[in-house]
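Keep the structure open beside you as you read.

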Amino acid sequence: MDLNTRVVILLTLISFSLVGLHRTGVMNTYFNVLDTKHLHSYRTSDDGSSNSKLSLHQNFVEMECYIENLNYHRFCELDIMLTNNKTRGLNLSEYKNLIVGVEYITPDTSDNDLPIRIYFRNYNAQYSNLSDVTSSKYNSVQFEPNKQIESSKIPLSALQVSTWWIEQHKIDFNNAQVDLSNVTSVEFSTAYLSDVGTYKIRLNQFQLQGELISEANLLRALLILWLLSTIYLINHQRRILQKISNIDPLTQALNRRGLNAWMQKYFTDKASYSKVCMLYIDIDDFKTINDTYGHLIGDKLLQKFCQITQEEVNLYFEKYKKNTNVLARLSGDEFALVLVNVSDNQIIDIAECLLTRFTKEIFIDDIFLKINASIGIAKGEDIHTATPINLMEHADAAMYHSKNNGKNQFKIYGQDIENTIVLRKKISNALTHAINHNEFSLVFMPIYLNNLEISSVEVLLRSTSSKLKNIGPDQFIPIAEEYGLIKTIDLWVLEETFKLIAQHTELVNKHDLQFCINISSVELTNSAFPSQVEKLLARYQILANQIELEVTETSLINIDENCIDILNQLKTLGVNLSLDDFGTGYTAFNQLVSYPIDTIKIDRTFVGKINNTTESDSTMVDIILGIAQSYQLKVIAEGVETQYQCDYLRKKNCDGLQGYHLSKPIEWCDVIKLLNHQKHLDSVACSTL
Ligand code: C2E
Ligand code: CA
Ligand code: CA
């Protein structure tokens with residue numbers, strides 16, 4: 001049962017019990033006037049006859065008056081003095097009821113006598129005059145004679161101020177209200193008596209009854225209790241929600257939001273944030289672990305990673321009495337460790353400790369895993385006006401640098417990274433400009449069949465912009481991807497190539513020329529891409545089999561069903577698909593069959609290892625050729641730079657050859673010339689095999 005339900009149940013029980021108890025009278029208070037403790041004295045009426053007699057009994061008090069002559073004595077009265085100070089009485093206003101047991105017996109039982117009254121005499125300096133007894137206020141109720149009244153409960157609100165008294169003392173409205181705040185005495189008094197004889201006033205019970213707390217006040221108190229509890233619960237709930245929204249449920253570390261909130265306290269001024277340092281940690285190749293062992297192990301690894309990171313940091317700081325640090329999971333396999341007040345040496349020590357610790361085996365569910373991580377470090381002192389977000393961006397950029405530099409290392413953010421970022425931003429601006437001003441062109445790199453006939457050309461992009469001088473697609477394509485410009489660029493290349501084919505249909509058909517067009521890995525997650533290709537094919541009336549789309553092998557690292565679906569849709573259009581830079585990714589050969597590809601292009605680094613020296617290493621090329629042939633995939637070797645490589649690959653029945661040795665990327669007009677002569681450049685003539 002959650003806290004809310006428990007509190008509501010408890011409050012309901014408390015409320016009903018208290019109201020119930022209140023109604024049963026448990027909270028009543030009593031003031032027994034007859035109790036000798038309270039009672040000061042009894043008195044007969046000042047006006048009473050000498051024949052009056054007061055008798056005190058254990059259970060009752062009785063006043064007996066013998067009226068001899070109605071001309072002299074017409075009253076019988078029992079006065080109870082509550083104090084002996086005529087001006088300072090008791091405050092009875094807190095009581096609610098009067099409980100009275102009284103008998104008034106007259107000599108004549110014919111009920112001619114007027115009722116007996118109970119007066120509470122209230123002293124107030126404004127109207128009371130000590131020399132005149134009647135000037136004390138008369139708050140009264142009355143009882144019929146000769147009727148035994150037992151435990152009669154009379155609300156004190158039924159008391160009234162006698163009108164004769166108001167008139168006699170000329171009392172104003174305010175003072176003519178019942179007032180029980182200073183009661184000096186209580187009187188049981190008859191009215192004018194009508195018979196000669198004995199009158200008796202017997203008082204069996206005289207109690208005032210009040211409540212510890214009135215029902216209205218009790219309800220008010222309960223209402224306040226409910227309100228306070230509600231406020232408490234709302235606050236409690238808010239705190240819980242805040243905690244939940246700041247915590248990563250998998251690792252129980254702070255999440256990005258929680259980390260921001262935690263860091264806010266250090267980002268008030270330069271002095272505070274310059275003490276802060278962030279280590280942005282990213283597990284290397286976590287995707288591969290996830291794919292190999294499944295998400296459950298992946299999740300456990302993330303938990304374990306968090307645990308060992310925290311342990312390592314705690315261990316490091318054990319010798320320092322005070323240290324402030326926090327670990328947060330930013331997303332997937334990205335973590336941030338924030339340290340406060342640490343020296344540069346300590347930062348480096350910790351980064352090294354962590355990297356070493358990660359490489360030790362981690363045991364999860366009977367599986368031994370070894371991991372590496374890339375760490376980027378940013379220090380608040382290096383940033384002019386820092387916010388938690390830009391500290392994170394700097395650390396992220398440094399981490400990116402570590403990754404690109406070969407992973408399993410750390411890098412501290414500095415001017416070099418700053419320069420790279422600035423340069424990338426400049427290139428991205430130049431690309432945007434180039435897109436808007438059509439400052440691109442295409443070159444074509446012939447791909448040769450084994451018999452050295454040109455079968456296809458790879459379409460390669462160049463920029464004519466002066467701002468992108470000496471910057472090739474190797475450099476600007478990744479930036480275009482990062483800044484979201486690549487989709488436009490890919491479509492531009494497709495459309496320009498299609499236009500060109502449409503203009504030279506005859507030549508293209510005659511030579512059965514294929515165009516190999518590079519597409520970014522981004523397109524594999526772009527569900528609109530297949531239909532865009534389809535529309536362009538239709539618009540320029542291009543035969544789909546004249547087109548081969550190249551995707552890099554590494555773009556398949558994060559492949560999922562949706563990507564394969566996109567590849568299948570492209571395949572259904574009739575275009576060919578090839579896997580570029582093959583060998584640089586981690587594709588298991590048996591995985592190849594699940595991709596709808598026709599061709600693999602051996603990355604030029606492997607071709608580059610083939611030479612006529614003893615250091616020649618053709619292993620990878622041989623393996624790829626063997627496997628591809630058994631899976632009936634076409635193979636193109638990229639980066640053929642020497643005659644020896646050309647000969648070697650042809651001998652191994654490699655289907656296609658591409659490289660500077662055969663032809664560099666050339667202008668379209670040169671492609672035409674080449675095709676028309678169907679001869680290779682003089683320098684590339686291969687020796688007879
Ligand atoms: P890639 O797809 O592997 O293209 C081949 C690259 O290798 C080309 O560089 C080409 O000039 C170079 N190359 C070919 N043979 C040799 C050789 O024997 N020796 C040497 N050293 N290099 C050789 P380029 O044109 O600079 O293109 C670089 C990369 O940029 C391409 O690699 C491709 O990934 C990307 N790219 C080029 N054009 C486009 C495009 O239109 N769209 C997209 N998305 N990417 C493109
Ligand atoms: Ca390519
Ligand atoms: Ca390539």
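In the side chain of R604, an N or O atom sits 2.8 Å from an oxygen atom of ligand 1, a polar contact (a pair of N or O atoms within 3.5 Å; within protein, one must be able to donate a hydrogen and the other to accept it, and residues adjacent in sequence count only if both atoms are side-chain atoms). The protein buries 88% of the 790 Å² that ligand 1 exposes when taken alone, areas that come from the Shrake-Rupley method with a 1.4 Å probe, where for residues only the protein chains shown count as cover. An oxygen atom of the ligand also has a polar side-chain atom of D580 at 2.8 Å, and a nitrogen atom of the ligand is 3.1 Å from a side-chain N or O atom of D490.

A word on the ground rules: this is a predicted model, in which local features need pLDDT of at least 70, side-chain atom pairs count only at pLDDT 80 or more, and totals for chains, interfaces and linings use all residues. Residues are numbered from 1 along each chain as its sequence is written, chains are lettered from A and ligands numbered from 1 in the order in which they are written, and side-chain values use heavy atoms, with hydrogens and water left out.

Now look at the whole shell around the ligand. It holds 23 residues, and D474, D580, R604, E641 and Y660 are the closest; a residue is near a molecule if one of its heavy atoms lies within 4 Å of it. By class there are 10 nonpolar, 4 polar and 9 charged residues, where Ala, Val, Leu, Ile, Met, Phe, Trp, Tyr, Cys and Pro count as nonpolar, Asp, Glu, Lys and Arg as charged, and the others, Gly among them, as polar. Strand β21 gives the largest share, 4 residues. At least two residues each come from β21 (454-463), α11 (473-482), α12 (486-503) and β24 (576-582); helices (H or I, at least four residues) and strands (E, at least two) are DSSP runs, numbered from the N terminus.

Next, find Q209 in strand β12 (residues 197-211). Is Q209 buried or exposed? Its relative accessible area is 3%, so Q209 is buried (under 20%; exposed is over 50%, partly exposed in between, with a 1.4 Å probe and protein chains only). The side chain of Q209 makes a polar contact of 3.4 Å with that of N28.

For a contrast in setting, go to D617, in the loop between α16 (604-607) and α17 (619-630). D617 counts as partly exposed, at 32% relative accessibility. The side chains of D617 and T619 make a polar contact at 2.3 Å.

Finish at helix α18 (residues 643-651), where Q645, C646, D647, Y648, L649 and R650 are buried. These buried residues pack against α16, α17, β26 (634-637) and β27 (656-657). Just after α18, N653 takes a positive phi of about 60°.

Note on methods
Contact = heavy atoms within 4.5 Å.
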